[in-house]
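Here is a short report to read alongside the sequence and the 3D view. Please keep both open as you go.

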Amino acid sequence: MEVYIMKDALLLFIVLPIFIMIGSVFISSPMISLAIAQSDSVIQSQETNYPGIIAELIQCKRKKGVLTVKVRLKNISVKSVKTWWPDVHKTSYLLDETNQKKYFPLKDAKGECICNAVSDNIKPNMSRTSWFKFPAPPQEVEEISIVFPLSAPFEDVPIKD
Amino acid sequence: MRSTLLLWLFFFTFLLLPFPLWGNIDYSNLDPDSPEVQQACGDAIKRLGPDRGTVAIQKNVIGVKKNVVDIIGIPKGTSGSGIAIIGQVTEVEMALKDLEAKVSETEIKIDLPSDILFDFDKCNIRHDAQEALKKVAIVIKSYPRKTVLIEGHTDSEGSDEYNMKLSFKRAVSVKQWLVDIEKLIDTNFQINGWGESKPIASNDTARGRQKNRRVEIIIRK
């Protein structure tokens, strides 16, 4: 009897958690979002500090007090390029020149940036889209500038409601 | 009976207890319009309160160029202020010379050796470095409202990732010093950490590695 209980305990406390951990790694691994240039229309393009990589702003949408910004990093070179978003919650922001205000990305209760900017190795002719959530500027603000650490700022970007 | 108890114990131990610890959401997997993200955004907005976490943008009115503009049109005989401006221009020129800045039509590039700015493996500005940074500030102030790029670089010692982070933190330290001490405008700066990816000399020699450990400051005209 005790042998069976020991086996149960072994299964429940050691083997099963290991399976769960392994499974969760697969589930939480970043989705393969690399793809040949998607069909989203480009609002603005900027050069980045990574040779061969351009940044394309593809969304700047205000909804329920939140502004969603999407940026696509596209590798137009013939080599793979490793990109890295340094401290996005400090180095990325919106500039509302109408009200002379600066907005930083939203952070969740754990202090994590509500965004999916992650380091990535982008292969030639491939791209990686990242999104960011900011507090939306007031409704009367129709254009903003968006500053990211990787590229020159996107200026006078129209906000879509 | 015992098996049932064990089963309950299992659920309690591995599923319920650690739940708050597993609460971190991995946003890299999520769609920006997903309910989890929307919920997190709603909560974040509530936490920010009425000012929504905004920071006021300050306008820079300090700088030689501003003073030069003020001086234009002053009648002859009131040259006292003019002398002051000449003094400041000379100060900028001296600073550029001391820093061995490379001046072109489009930008000014200043290379600061990391060994002067920081202690080994650290990112806090050394006291001895303040003299050089004050000169950098003099130059930056003469180009108000221009973009200033601060880029950190390391040698090839250590892992790529570690060097990338160290170089970025060092660039941030330089910017923060300029903002805190010299009251320069935060928004005019762009920060980058390149780690060991952009060497200017061979990493095979001590001298080369020393050259590669640097912070570059680029003022776009």
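Arg220(B) is partly exposed, with a relative accessible area of 36%; partly exposed is the range between buried (under 20% relative accessible area) and exposed (over 50%), using a 1.4 Å probe and protein chains only. Glu107(B) also counts as partly exposed, because its relative accessibility is 24%. Arg220(B) forms a salt bridge with Glu107(B), and the closest N and O atoms are 4.0 Å apart. The pair links distant parts of the chain: Arg220(B) belongs to strand 6 (residues 214-220) of chain B and Glu107(B) to strand 3 (residues 107-113) of chain B, 113 residues apart. A salt bridge here is a side-chain nitrogen of Lys or Arg within 4 Å of a carboxyl oxygen of Asp or Glu.

A word on the source: this is a predicted model, in which local features need pLDDT of at least 70 and side-chain atom pairs count only at pLDDT 80 or more, while totals for chains, interfaces and linings use all residues. Residues are numbered from 1 along each chain as its sequence is written, chains are lettered from A and ligands numbered from 1 in the order in which they are written, and side-chain values use heavy atoms, leaving out hydrogens and water.

Over all chains, a search of the whole structure finds 18 salt bridges. One of them joins Glu182(B) to Lys141(B), with the closest N and O atoms 3.0 Å apart. Glu182(B) sits in the loop between helix 7 and strand 5 of chain B and Lys141(B) in helix 6 of chain B, so this pair ties together parts that are 41 residues apart in sequence. Glu182(B) counts as buried at 15% relative accessibility, and Lys141(B) counts as buried at 19%.

Arg214(B) forms a salt bridge with Glu216(B), where the closest N and O atoms are 2.9 Å apart. Both Arg214(B) and Glu216(B) are buried. In chain A, salt bridges that share partners join Glu56(A), Arg72(A) and Lys74(A) into one network.

## Chain B and its helix 6

Chain B has eight helices and six strands; helices (H or I, at least four residues) and strands (E, at least two) are DSSP runs, numbered from the N terminus. From that end, the elements run α-α-β-α-α-β-β-α-α-β-α-β-α-β. Of the 221 residues of chain B, 39% count as buried.

How far apart are the end C-alpha atoms of helix 6 (residues 130-141) of chain B? They are 16 Å apart, which agrees with the 16 Å that its 12 residues should span at 1.5 Å a residue; the expected span is 1.5 Å times one less than the number of residues. Buried residues in this helix include Leu133(B), Val136(B), Ile140(B) and Lys141(B).

## Two positive phi angles

Most residues other than glycine have a negative phi. Glu100(B), although not a glycine, has a positive phi of about 55°. Glu100(B) lies in the loop between helix 4 (80-98) and strand 2 (102-103) of chain B, and is exposed, with a relative accessible area of 66%.

Lys183(B) is not a glycine either, and has a positive phi of about 55°. Its place is in the loop between helix 7 (160-180) and strand 5 (189-193) of chain B. At 56% relative accessibility, Lys183(B) counts as exposed.
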